[in-house]
Amino acid sequence: MSWPGNGSSQPPRVVRMSEITLVEAINMALAYEMQADDNVIVLGEDVGINGGVFRATAGLLQRFGEERVIDTPLAEALISGMAIGMAAQGLRPVAEIQFMGFIYPTLDQLVSHASRLRNRTRGRLTCPMVLRAPFGGGIRAPEHHSESTEAMFAHIPGLRVVIPSSPTRAYGLILAAIRNSDPVVFLEPKRIYRLIKQEVTDNGEALPLDVCFVLRPGTDITLVSWGAMIHETVKAADTLDEQGVSAEVIDVATLKPLEMGTILESVQRTGRCVIVHEAALSGGWGAEIAAQLSEHALLHLLAPVQRVTGYDTVMPFLKLEGYYMPSVERIVNTVHTALKFS
Amino acid sequence: MKTFLLPDLGEGLTEAEIVEWHVKVGDEIKTDAPLVSVETDKAIVEVPSPRSGRIAKLHAQVGDVVETGRPLMQFADGVDERADTGTVVGEVKAGEEKVEEKAVSTAKAGSATAGVKATPAVRALARRMNVDLSFVKPSGPDGLVTAADVERVAKRFAELGPPEPLRGARRAMAHHMTQAHSEVVPATVVADADIHQWMEDGADITVRLVHAIVAGCTQEPALNTWFDGHALARRVLQKIDVGIAVDTKDGLFVPVLRDVANRSNNDLREGLDRLRADVKARRVPPEELRGSTITLSNFGMIAGRYAAPVVVPPAVAILGAGQIRDEVVAVDGAPTVHRILPLSLTFDHRAVTGGEAARFLAAVINSLESAVAE
Amino acid sequence: MSQQKSSATFQIQHTQFLNPSGEAIAGPLPSWAKDGEVLIPLYRNMVQTRTFDAKAINLQRTGKLGTYASPLGQEAIGVGVASAMIDEDVMLPTYREYSAQLWRGVTMTELLLYWGGDERGSDFAVPRQDFPMCVPIATHTSHAVGVAYAMKLRKQKRIAVCFLGDGATSKGDFYESINAAGVWQLPILFVVANNQWAISVPRSRQTAAQTLAQKGIAAGIKCEQVDGNDIIAVRHVAQQAINDARGGGGPHLIEALTYRLSDHTTADDASRYRDKQEVEAQWQYDPVPRLRNYLIGLEAWSDEQEQSLLAECSASVDAAVREYSDTAAVAPQAMFDHLYEELPDVMAWQRQLAAASGGADE
């Protein structure tokens, strides 16, 4: 018996609303989509019986079986490569890389193949895959586990790079990523995996890709960020509000392809912009946004575009981690510098 | 090798004619054995075989002309060397361009930021409000023009109208005087000349003043000098070229009367008249406004007694003549009325001493007080 | 005294039926090896491939084709394996399997378009699901794993066939892929075309292993060697392996021994690192005359047929070259088509810029 929709073999679920964390929202979305679409496959190291080291895939093996929730051998190049093969055959693989620190063996597959399979076959073969990885610092982990190198992927033509910053956006964006017909690198800010909770409705509704989200309206300055730093940015906006400064907060969400319309419209109103990201300063994705602001919003700028970021150093071990990560104080101070400029 | 190309036979020869083959197809030959005889401009040359092998093909017949580097014959085996492409994909083109780069000094060439400091938004505002940013005094940090500054100036312009930018002679005067003020160390000495011996009403005294300047320069050449304040060097000049200050409604012009020491009175008179007419008609060429060695300012034609006129470098002196007046003077103990001409001499004290200036002035007075110009 | 026993032993089987002169030296031959109906198409394919190859090199040398990789000497491997596949199988080639691609329906024009620098060359009219040529070495082995996984998951009677070279067996991707294939017992055949050279690096410097086939032992998969220039042997072992994999018997690895008679690519000059005598000596193992002689021995082939075939191949190659030359280049804005399913609005201005540079008003 088949049900209307995606020809799934399971009956529609009762829609629930729950107050959940970001990682739970990912889990909920994966479960939703795996039920709705038999083509969705989850694969990665420890994703099956262990439910993923962050429990993002908890319960999926039990529900959908080991053919669709695959505990792979320890081989990142293989994981990303086989996702490409599966996607070319019409499956919808959602591959997990355990930490961004281990994602680099997949760069070859992403750059040499996933990003260009559609292009080099003129659409004959396509690559509707998602590569998920937890990223970012602030969990006092051993080295290599706190990376933020999203700019590397955002540079590659043919890829999408999507970063949620809240449980609702995690739920909606990963559904959109899975349903998208092109490869998506989905980076999950692990510091806020469980830090915040939000009401999320398990209704299978995707959020749009390729758009920025205005989280908070403001008039004096535009704050642009993504990932876990949204958390600090919103706190900074609260502090600024007490100081009489009205800050607009924008979550970029889809870094690539970058939708500048929302950011430009905001900066044209406020005349000032501060970009916040954890990743190292030089060549970080903030540089791309700043360049586009100078190109398209120059005459509206009342102060230079500022960036509050990690330093151009190797991510320090946990002892110094706190000094590396942009803090609420640094963001607020930078805003005041921008306001005082002219 | 497989294909043997006609080798370079030397002496700039570019081709040769086949005279005789010493082999035929199928023959075996040893290295250095005679292969073929060819004729060049100079002589008949025997070409030896470059290797041992079996002859597979002859590319030219007797009587054919073959160019250097073209195939002569082919061996049965072997491989022709290919040029090394230096790659395994694509083409990596080789070029002949030789790059020469001069060391570039990026040491700060003038650290002062030229121009006005204003953000693009403020510039756009100034454009919209029709405010020239160079009129705006900045109030922002580090000389930054703010929007408020622009708005302030726009308001003032609306009330008072825009200021008139200086042009032409007025602009030049502002430049020259600013420069003079910043460089020259002026000192002034004043005196009177009693000119009752020759003064008639309405007489133009300019020629007499020019003569007097010649007398002064003859006495003290130090005042007919160009001075370089940076190098601390001077040129004492032989020729006396007097700049004549001429007042017009367009501003101050100082055309130059050249070589006054060697010209007759009539010549000087005509020269002066021509200068004045040219200035009035605005047809004095720029080169005639340059190069004076000493200047005369006859402001007395309008009003004023004494002055401290401005010395414009590289000259070091300017003589000012005030308004002629009748004054009671003492002659042999009794009062009488004589015509008196006030004189002011300003000199650049970097280059001229007080004594030199005073002696110059004495000679000027002496010349002016004589009945006839000398 | 410690107990010594053998935890594992292995043996690598090598299969050959024909000697270099095309005489059967081992038996019994497979039944179809006496059937001209089966063999002649294989022979025609190899001659076609070789004719195409000579023309492609010529085109490159005269500036009408970009860098091109020749399969000279390796033709038997491609068609021997491909002829054992079914249409619904999926092939993942490197860049020297033209005999296999042509067998499966890729056209010579498409091959020329690819090397001529036009992406449309990989938009095969058929077969629609075969992968395009793979240039980064061994990276497609994991694609094959994914393809085979999908086939197994859907319980299809299809297999994935992945070709790779001797150099590729040194790559990490290769090990990861054969290992995973073994873990999941996937319907997949890896064919290592060992032509003894990875550009200038000879096989002896590629690994200390005695054979490349035995790398499959490490992955726990069935593996064997075959004389890659003996098309009967190639077709035979490929057929057995494919049938087994298709029937659920798990993955196979076949190392087909051959020799790269050509340069690595048209930009390479193998005489820089290879001994001329060695290359010359290898011509005696040429798979094409080997099969021809065997066919003649079967009285299944004649000189007239040979001449006729050569003329036919020449004509079809010329026709493909004409079609290639007549194919107009796409407009520059085509770079943006097929970048994503739909070009994001934010990129429209770039596409317009490219279009304008090509003289269009789009």
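This is a predicted model: local features need pLDDT of at least 70, side-chain atom pairs count only at pLDDT 80 or more; totals for chains, interfaces and linings use all residues.
In chain B, four strands make up an open sheet with the order 5-4-2-7, and their pairing is antiparallel. Strand 5 (44-48) and strand 7 (65-67) of chain B lie at the edges, each pairing on one side only. On average, and with direction ignored, neighbouring strands of this sheet are turned by 45° against each other. Strand 4 (residues 34-39) of chain B runs antiparallel to strand 5 of chain B, and five bridges join the two. Along this pair, B:Pro34 is found opposite B:Pro48 of strand 5.

The interface between chain A and chain C comes next. Chain A brings 47 residues to the contact, and chain C brings 46 residues. Together the two chains bury about 3,600 Å², with carbon and sulfur atoms giving 57% of that area. On the side of chain A, A:Gln89, A:Arg122 and A:Arg124 account for 24% of the area buried against chain C, more than any other three residues.

As for polar interactions, 23 residue pairs are in polar contact across the interface of chain A and chain C, both residues being at pLDDT 80 or more, while zero salt bridges are found there by the rule. The elements of chain A that give two or more residues to the side touching chain C are strand 3 (69-71), helix 3 (76-88), helix 4 (105-114) and helix 5 (117-120). Helix 3 of chain A provides the largest share, nine residues. Sorted by class, this side of chain A holds 18 nonpolar, 14 polar and 15 charged residues.

Notes: Residues are numbered from 1 along each chain as its sequence is written. Chains are lettered from A and ligands numbered from 1 in the order in which they are written. Side-chain values use heavy atoms; hydrogens and water are left out. Two strands pair if DSSP finds at least two bridges between them. Axes are lines fitted to C-alpha atoms, for helices over the stretch in contact, and angles run from 0 to 180 degrees between N-to-C directions. Contact means heavy atoms within 4.5 Å. Buried area is the accessible area (1.4 Å probe) that two parts lose on being put together, summed over both. A salt bridge is a side-chain nitrogen of Lys or Arg within 4 Å of a carboxyl oxygen of Asp or Glu. A polar contact is a pair of N or O atoms within 3.5 Å; within protein, one must be able to donate a hydrogen and the other to accept it, and residues adjacent in sequence count only if both atoms are side-chain atoms. Ala, Val, Leu, Ile, Met, Phe, Trp, Tyr, Cys and Pro count as nonpolar, Asp, Glu, Lys and Arg as charged, and the others, Gly among them, as polar.
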